[in-house]
Amino acid sequence: MQKMAELLGLRDECGEGTLGAPAPAGSCLADNRLNLDVYPDGCRRFLQLFEEQQGELVQVEFLRLSSNDCLLDTALGSLPHLKHLKSLVLKGGHARDEFGSYQHGSLTSLPPDFGNLRCLSHLDLSFNRLSTLPSCILHLPSLRVLMVSHNSLVTLPEDFGSLSKLTFFSAMKNQLKDLPQSIGELSMLQDLNLSENALELLPEEVGNLHNCTELDLSGNRLLSIPDSLANLKSLRRLHLHSNLLVTVPASLASLPNLSRLDLQNNCLRAIPAEIQALPFVHVRGNPLGETEPSPQADTSNTRRLKRLFLASGEGSFTVTSEGCRVVLACGIHFYFPPGAASAPLRIHFRSLTPDPQWVKLRHHDVLLSRVLELQPHGIQFQQEVQIWMPFISPQTPHQHEVVVRTFSGQSWNDLKTRVKQKRKSKKCVAHCCVLHFSWFLVVSRLVQNECKVPAEGTLLFSSVDPNIKVVFPPGVTQEPRSVKLQVLPVSAEEIEEITAHAECRASPLLYLSQDSPVDFLKPVRIQLPLPPGITGLNLDRSRLHILHGDLEGQTWNDITSEVVLEFTHLYAVFEVTHFSWYWLWYTTKTYIGGIAKKVYERLRLYQVNFIALQRKRDPEQVLLQCVPKHKVDPVLKKLQDRYRGPEPSDMVEMFEGEQFFAAFERGINIDMDRPDCVDGRLSFIFYSHLKNMKEIYVTSPVDRKDQAVKGQVSFYRGAVPDSIPEDASRRRKGPDSLWLATLPIKLPQLKPRWDENPSPLYGFSFPPLNLGNAETGYLTQANLLSIARRVGADWQSIGLNLGLTYQQIERIGYNNREDLNKQILDMLFSWAQQNSEDPDCVSKLIRALKESGRQDIADEVEAIVELGRQKYSESIRRLGLEQESSTEDSAIAVIST
């Protein structure tokens, strides 16, 4: 007992806990369910329950713990006492690093007596550090679902086939090199996912999986597949893309239920005619028709590099020592030269929404792309890898230059970048070369000129304005140091508009920086052009001021009296020993520092308008967007065929990377549990060259069968970022400082709809549905009805991509001929009934919608399941895991049959 108390006291040392008083552990226990992975100290609560309420705890059938918990090893020792346990989730991935990447859990093994859990049928050990599959798992006689994705497994046990009741097995994203022959003994297996491993060969026994309906072997190193796969008569979907296949057996064409065969991005130079004739085969990214180069030929000249074309749903590819070219669906290109990778290497990629918390833009930077993450981080390539990233062309090409920026682990650094425009599409791409992978984005920055300053001195001038020069005299430094120069031109019209004073003039803004914290040994001579309209002949020296600004541009000091000023007909020359912002002003105003702060702030602001539009065919779908003023008319023109709504808001001003919120008011609601919802308001980040757009579904508590709802959406500022100048912060204070704009939203009176009346189902009687699991999210019967409303004529394509056969599609069409709505319902619910026990069915639906070109519906489904996950977590925290407020666990569908 004392030992247990000591272990429970480890909570503070682990850095875990919740704000305020922790909830009693007993409140977490609800009937036979115990979900503790939502608590940062879940294992501590479990150990406390085991000590105080052991009699109740051993009756638990559903248990979830986070393997990111530092007390996991201690909690594992108590698990074998839970003899009634049916579902156990010990996943990692509950914690994320500062860049949003999931952190693997600490699980490396299980206790030997874990195999005594005779009732366990669902086990999820994903996102952990397993290098071997614990042997005790093979002694679980009731196990039907096993998930070990995102681990480090190199092989599976030879007697893996002893899991005779297994119906679902996922080991994706491991390091498996081969499979045991006993895998063919899994006679009940229906879904096998071994994607993104290192498999080079498959045993013939794989052909004994007669009940298998989906087999995913994509992202491996397979050169061939056994002919025995033709024995999988139940197989509907076979994924073989992103391998090294040079041949495929023609017998695959004889599989009676096959509805998708993915052979993309392999090394196939020829495909059997029987397979090529299949309407559902995908072969893009293969060197079809090309001849094998002669071994005697100079391969450096004759060999054509393999080209990979990745679809939107794929997130990785394999690079070998032979090199390759890779094209992502988003338009990003890679070139891996031969020898860049010494051994086959799996590359993972993802596109991230820029978060200003860690994507730090400098003043006057403009973000032109999303963030590209490439993994594995830190691996050094033998030769430089080339990357082409598409970006939005900036509006000020003369003053700015485009660069690729990468994160080094400590800070963001700019890479040497070349920019070109594609001939056909006219789109711009930024090209860079790297030796390692990290995070990448494209920005537009002030044109930067730089040089190395030696002890003998040098000269540096601006390419934007060659009249701006910096002279480094001999002896200015002992050790060479790097100096950078940037210039921001400011027109007389801008100065007059901002200051409302016609006699104010200013030179271009000059920014100087160096890589050494030590001031120069001798003064550095700076030449700036006199403000527009001012010459050495009409100069009034009492009105000329040299201003020195700090790095953030928040403080501008008049240093005119501290430097020696010299004048020519066109220039002012002065000397300094340290670097920052320098600005030459000509004015009669006395408090020139405050005026400079105001102008500097306004130069960073963008004038924008808000738009709120509703789909013409579906007014509950609302599009919100923040658009720079000069883009409003083109944007509205593109949207006018599908959307209608009020005129854009009045013009407001925002900073690059500033947060703002949208709140629906006066009888219009959104789901408050959206991931991007903060205190009932949708969160946005403004980037002048990105879309700043969200399309969401709204509801109303008002009964719209009797009346329309006249509501509104209002836009508000977020917290003022630290980098915004003091004057701007002061202006935004006050009773109305946060409000930006309000636009009307009208939901029309409802008309009777086919999905509200059971009559169109004509005898269709479907039991209540709850598809999916806690990992992938859930869909209900109501969700499917909502989805069906938007499917339309694409239902056949969606059905085929869901795995329905041509015969089933034809039968559904014939049985419900002349009624499109019934065809859609029959297709969706037929698939749902067939897959109600599949824990991955929601992901399959999303994938099928994307493959059918219905990204809009796929986005809606992803939003639904994400909201479900968020709501589930919140209900657990809020209500102490009461069973009536929680979503069904992924194991329920499996166990209830």
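R362 counts as partly exposed, at 40% relative accessibility. Partly exposed covers the range between buried (under 20% relative accessible area) and exposed (over 50%), worked out with a 1.4 Å probe on protein chains only. This is a predicted model, where local features need pLDDT of at least 70 and side-chain atom pairs count only at pLDDT 80 or more, while totals for chains, interfaces and linings use all residues. Residues are numbered from 1 along each chain as its sequence is written, and side-chain values use heavy atoms, with hydrogens and water left out.

What does the side chain of R362 meet in a salt bridge? The partner is D414, at 3.2 Å from N to O. A salt bridge here is a side-chain nitrogen of Lys or Arg within 4 Å of a carboxyl oxygen of Asp or Glu. R362 sits in the loop between strand 16 (345-352) and strand 17 (366-367), and D414 sits in strand 21 (residues 412-414), so this pair ties together parts that are 52 residues apart in sequence. Helices (H or I, at least four residues) and strands (E, at least two) are DSSP runs, numbered from the N terminus.

D414 is partly exposed too, at 23% relative accessibility. Its side chain also meets R445 in a salt bridge. That pair links distant parts of the chain, with R445 in strand 24 (residues 439-446), 31 residues from D414. R445 is buried, with a relative accessible area of 9%.

| Pair | N to O distance |
|---|---|
| R362 and D414 | 3.2 Å |
| D414 and R445 | 2.6 Å |
| E503 and R543 | 3.5 Å |

E503 is partly exposed at 44% relative accessibility. Salt bridges with shared partners also join R362, D365, E401, R405, D414 and R445 into one network. The structure holds 22 salt bridges.

Now for S580. Is S580 buried or exposed? It's buried, with a relative accessible area of 4%. You'll find S580 in the loop between strand 35 (571-576) and strand 36 (581-586). Its side chain reaches the backbone oxygen of G549 at 2.4 Å. Neighbours within four places in sequence aside, S580 is in contact (heavy atoms within 4.5 Å) with residues including L510, Y511, H548 and D550.

On to a pair of helices. Helix 12 (residues 795-802) and helix 15 (residues 841-851) pack at an angle of about 135°, with their axes 8 Å apart. Axes are lines fitted to C-alpha atoms, for helices over the stretch in contact, and angles run from 0 to 180 degrees between N-to-C directions. I798, N801 and L802 of helix 12 make the contact with K844, L845, A848, L849 and E851 of helix 15.

Stepping back, the protein's secondary structure comes to 17 helices and 48 strands. Of its 897 residues, 54% count as buried. Among contacts with a separation of 6 or more, residues 24 or more positions apart account for 62%.

Notes:
A polar contact is a pair of N or O atoms within 3.5 Å; within protein, one must be able to donate a hydrogen and the other to accept it, and residues adjacent in sequence count only if both atoms are side-chain atoms.
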